[in-house]
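Biologist: I'm new to this one. Can you put it up and walk me through it?

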Amino acid sequence: MMVDISRRKALILGGVGIGGVALGGTGLVLNQKSATTRTAVAGSGVALVLPTELRSSNGVLTVALESSPQRIRIAGRDVHALTYNGGLPGPTLRVRAGDIINVSLRNGLTDPTNLHVHGLHVSPDDNSDNMFVMINAGDSFDYSYAIPADHQPGVYWYHPHQHGSVADQVFGGLYGAIIVEDPEQIPATRERVLVISDISFDSSGTISVATEMEKMSGREGELVLVNGQLTPELNARPGERERWRVVNACTSRYLQLRLDGQQITLLGVDSGRFEAPRGVDEMILAPGNRADLLVTARAGTSTLRALPYNRGTSGGMMGSTGSNSAEVALATFTVFGADTAAFAAIPDQPVPPDLRTGTVTARRELVFAMGMGGGMSGGMMSATINGHAFDAARIDTTVQFGSVEEWMLTNTSTLDHPMHLHVWPMQIVERAGQPVEEVIWQDVVNVPARSTVRVRVAFTDFSGRTVYHCHILDHEDAGMMGIIQAL
Ligand code: C2O
Ligand code: CU
Ligand code: CU
């Protein structure tokens, strides 16, 4: 194992700029600004708070949601952020397969907004997960999502999807988790929802406005928060088993997560469940990805860290980097006290489908490209799929309901693009020309700079019109999005 002394030191100081200088990154010093001096090992001294939970009963969850700017406290400062129901993150929606979620969304923002239930396999039409709904400032809209009875359990999330302002609204604080419960409970001591997001404020406590250059690489916030908190503390007893539901709600930041000293079992990423749970030391969550995992607690203090991650540079004369060049201490996990009894084995998980053995009815390629100039919104960058910037009036891809397609995702640019398809999950079958051995299902698939990924998609259960896009939300807003229609 490589030990990077400078990183260690940076981490202990709590302000993390050293790695950035070493990597020749943006020079941006990622400083987890806290009102108090502290060491990362001791954490902030503030216990992790879970978002409010709203649970379905008798098969229905009815939620009144309001997006609005609020004065809230983050990292010891009073700031202005965007909130759902006054909180950042918004409430966690906890449901079961077969349930109906009714969300009445009131737009208390000064700009149009709407709602997307990311990863849920639900209809994209009418007042379900419809990307073509726009709710003006002051208006309301009633969404209703019917979750199929055979829906995959796991971690999902919701956020606005108003083209052109998605990055601003998500960066500002609009996101929340959705949990679809397991048909058969996995025994655990407790469950924690960890919504990880990043945000920056100016000196007056207002959300920082991203520059064109930051948008080109995808903005990254200076503060990396867990449930809106800076370096919260989690406690457990040795032997306890915790269920963690982790959401990467960052606008552009990749999270390469580690929790050294603890035993992590990954059940799956996004809606995908592995055939068998996997022991892991590390996992990478691109923006939009989620992890569903178990932590078996071992005595000692561990730090949940996001390591520096290199997602390339947006080239040309601008030379803007997409790399987060500093390590971040996200939370501390302190395990002490008497040992608890060992837990029962994890019940067998349903065997995931494998499209590799089936027939492919159509093949196509999506080329993700970035360039300078020609930005439709007057920006300096172009961000396209198959040469086109998003146009709400154009259908880019028509697929047949019930078909299985194979898509070659080609990234010609020097930055990674996390590709996301709504409604239908993707099975990753090949990376950089190498076949993938395991069955991996995700709804956000990273396509590394100048590389390719091949996926298969089964267009089952729902027809209708929705979108695919890069989940670096500044890229999506700049046009790296297309419309797909299943007929
Ligand atoms: Cu998480 Cu189209 O979005
Ligand atoms: Cu989505
Ligand atoms: Cu992108």
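Biologist: Is serine 197 buried or exposed?

Modeller: Serine 197 is buried, because its relative accessibility is 0%. Keep in mind that this is a predicted model.

Biologist: Where is serine 197 found?

Modeller: Serine 197 is in strand β12, residues 190-199.

Biologist: Which residues is serine 197 in contact with, leaving aside its neighbours within four places in sequence?

Modeller: Tyr175, Leu223, Val224, Leu225, Ala249 and Cys250. With tyrosine 175 there is a polar contact between the side chains, at 2.7 Å.

Biologist: New topic, the metals. What are the protein donors of the copper ion, ligand 3?

Modeller: His417 through ND1, Cys470 through SG and His475 through ND1. These donors lie 2.0 to 2.1 Å from the copper ion. Along the chain, the donors of ligand 3 follow the spacing H-x52-C-x4-H.

Biologist: Where do histidine 417 and histidine 475 lie?

Modeller: Histidine 417 is in strand β29, residues 417-421, and histidine 475 is in helix α5, residues 473-478, so the pair ties together parts 58 residues apart in sequence.

Biologist: Buried or exposed, those two histidines?

Modeller: Histidine 417 counts as buried at 1% relative accessibility. Histidine 475 counts as buried at 0%.

Biologist: And what coordinates the copper ion that is ligand 2?

Modeller: His116 and His420, each through NE2, at 1.9 Å. Histidine 116 sits in strand β8, residues 116-118, and histidine 420 in strand β29, so this pair ties together parts 304 residues apart in sequence. Histidine 116 is buried at 1% relative accessibility. Histidine 420 is buried at 1% too.

Biologist: Let's do strands. Which residues make up the covered face of β7?

Modeller: Ile101, Val103, Leu105 and Asn107. The uncovered face has Ile100, Asn102, Ser104 and Arg106.

Biologist: How many bridges join strand β4 to β7, and do they run parallel or antiparallel?

Modeller: Eight bridges, and the strands run parallel. Strand β4 covers residues 60-74. One pairing sets glutamate 66 against arginine 106 in β7.

Biologist: What about β7 and strand β9, parallel or antiparallel?

Modeller: Antiparallel, with seven bridges. Strand β9 spans residues 140-146. There, serine 144 stands opposite asparagine 102.

Biologist: Now charges. How many salt bridges does the structure hold?

Modeller: The structure holds 35. In one of them, aspartate 182 pairs with arginine 243, with the closest N and O atoms 2.9 Å apart. That pair links distant parts of the chain, 61 residues apart. Aspartate 182 is in the loop between β11 and β12, while arginine 243 is in strand β15, residues 241-248.

Biologist: Are aspartate 182 and arginine 243 buried or exposed?

Modeller: Aspartate 182 is buried at 3% relative accessibility. Arginine 243 is buried at 2%.

Biologist: Which residue forms a salt bridge with glutamate 242?

Modeller: Arginine 190, with the closest N and O atoms 2.6 Å apart. Glutamate 242 is in strand β15 and arginine 190 in strand β12, 52 residues apart. Glutamate 242 counts as buried at 0% relative accessibility, whereas arginine 190 counts as partly exposed at 29%.

Biologist: Last one. Which residues are linked in a network of salt bridges?

Modeller: Glu53, Arg55, Arg94, Glu181, Asp182, Glu191, Arg243, Arg245, Arg273 and Asp292.

Notes
Residues are numbered from 1 along each chain as its sequence is written. Chains are lettered from A and ligands numbered from 1 in the order in which they are written. This is a predicted model: local features need pLDDT of at least 70, side-chain atom pairs count only at pLDDT 80 or more; totals for chains, interfaces and linings use all residues. Side-chain values use heavy atoms; hydrogens and water are left out. Helices (H or I, at least four residues) and strands (E, at least two) are DSSP runs, numbered from the N terminus. Buried means under 20% relative accessible area, exposed over 50%, partly exposed in between (1.4 Å probe, protein chains only). A polar contact is a pair of N or O atoms within 3.5 Å; within protein, one must be able to donate a hydrogen and the other to accept it, and residues adjacent in sequence count only if both atoms are side-chain atoms. Contact means heavy atoms within 4.5 Å. Donors are N, O and S atoms within 2.8 Å of the metal (3.2 Å for Na, K and Ca); water is not among the atoms, so sites may look incomplete. Two strands pair if DSSP finds at least two bridges between them. A salt bridge is a side-chain nitrogen of Lys or Arg within 4 Å of a carboxyl oxygen of Asp or Glu.
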